[in-house]
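Q: Can you walk me through this fold? I'd like the sheet first, then the core.

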Amino acid sequence: NTITFIQPSGAPAIVTVEPGTSLMRAAVTNGVDGIVGECGGQAMCATCHIYVRPEFAGALPAISDDEEEMLDCTTAERTDRSRLGCQVKACTELDGIVVDVPSDQV
Ligand code: FES
């Protein structure tokens, strides 16, 4: 599956990962700036905050209570496109997903 991370500068980073890989892990292992994943994917740090492009919103998993709480603690402003990268996993439905990296995070 491919995932495109768009930096605040507009520069895209396209990475390819196995299905089931979280967007946070995909970014960290491929050296994408702005996604730190400090808590290791436990929905406890919000350093993996991303903005998902609206065209993929329908295929996203539901937001858990833990994610909901952390999304209120993000460095960059929370929007209706905000998700934690560690809680969204690559899958067929989300193949080619495009997400924006928040500018305050880089
Ligand atoms: Fe910590 Fe996602 S990696 S909340």
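This is a predicted model: local features need pLDDT of at least 70, side-chain atom pairs count only at pLDDT 80 or more; totals for chains, interfaces and linings use all residues.

Q: Fine. What is the strand order in the sheet?

A: The order is S2-S1-S5-S3-S4, in an open sheet of five strands with mixed pairing. Strand S2 (12-16) and strand S4 (82-84) are the edge strands, each pairing on one side only.

Q: How are neighbouring strands turned against each other?

A: By 35° on average, direction ignored.

Q: Which way do S1 and S2 run?

A: Antiparallel, with five bridges joining S1 to S2. Phe5 has Ala13 in S2 as its bridge partner.

Q: What about the hairpin there?

A: The hairpin of S1 and S2 has five residues between the strands. Gly10 takes a positive phi near 100° in that hairpin.

Q: And S1 with S5, parallel or antiparallel?

A: Parallel. Four bridges join S1 to strand S5 (residues 97-100). Asp100 in S5 is the bridge partner of Ile6.

Q: Now the other end. How many bridges join S3 to S4?

A: Three, and strand S3 (residues 49-52) runs antiparallel to S4. His49 stands opposite Leu84 in S4.

Q: Back to S1. Which residues are on its covered face, and which on the uncovered one?

A: Ile3 and Phe5 make up the covered face of strand S1 (residues 2-6). Thr2, Thr4 and Ile6 are on the uncovered face.

Q: On to the core. Which residues touch the most other members of the largest nonpolar core?

A: Leu23 and Ala27, in a core of 22 residues. S1, helix H1 (23-29), S3 and S5 are the elements that give two or more residues to this core. The largest share, four residues, comes from H1.

Q: What does Ala27 touch?

A: Phe5, Val32, Ile35 and Gly85, not counting residues up to four places away in sequence. Phe5 also belongs to the covered face of S1.

Q: Is Ala43 buried or exposed, and why?

A: Ala43 is buried because 20 other C-beta atoms lie within 10 Å. The cut-off for buried is 20 or more.

Q: And Ala46? What is its phi?

A: Near 65°, a positive value in a residue other than glycine. Ala46 is also found in the loop between H1 and S3. With 24 other C-beta atoms within 10 Å, Ala46 is therefore buried.

Q: Zooming out, what is the pattern along the sequence?

A: The protein chain follows β-β-α-β-α-β-β. That comes with two helices and five strands.

Q: How does the radius of gyration look?

A: The protein chain has 12 Å. A compact globule with 106 residues would be near 13 Å, so the two agree. The C-alpha trace spans about 30 × 30 × 25 Å along its principal axes.

Q: What share of the residues counts as buried?

A: 31% of the 106 residues. As for contacts between residues at least 6 apart in sequence, 67% join residues at least 24 apart.

Q: Last thing. What confidence does the predictor give?

A: The protein chain averages a pLDDT of 96, and 99% of the residues score at least 70. For the complex, the ipTM is 0.99 and the pTM is 0.95.

Terms used. Residues are numbered from 1 along each chain as its sequence is written. Two strands pair if DSSP finds at least two bridges between them. Axes are lines fitted to C-alpha atoms, for helices over the stretch in contact, and angles run from 0 to 180 degrees between N-to-C directions. A residue is buried if 20 or more other C-beta atoms lie within 10 Å of its own, exposed if 12 or fewer, and partly exposed in between; C-beta atoms are placed from the backbone. A nonpolar core is a set of buried Ala, Val, Leu, Ile, Met, Phe, Trp, Tyr and Cys residues joined through C-beta atoms within 7 Å. Two residues are in contact if their C-beta atoms, placed from the backbone, lie within 7 Å. pLDDT is the predictor's confidence in each residue, from 0 to 100. The radius of gyration is taken over C-alpha atoms; the globule rule is 2.2 Å times the number of residues to the power 0.38.
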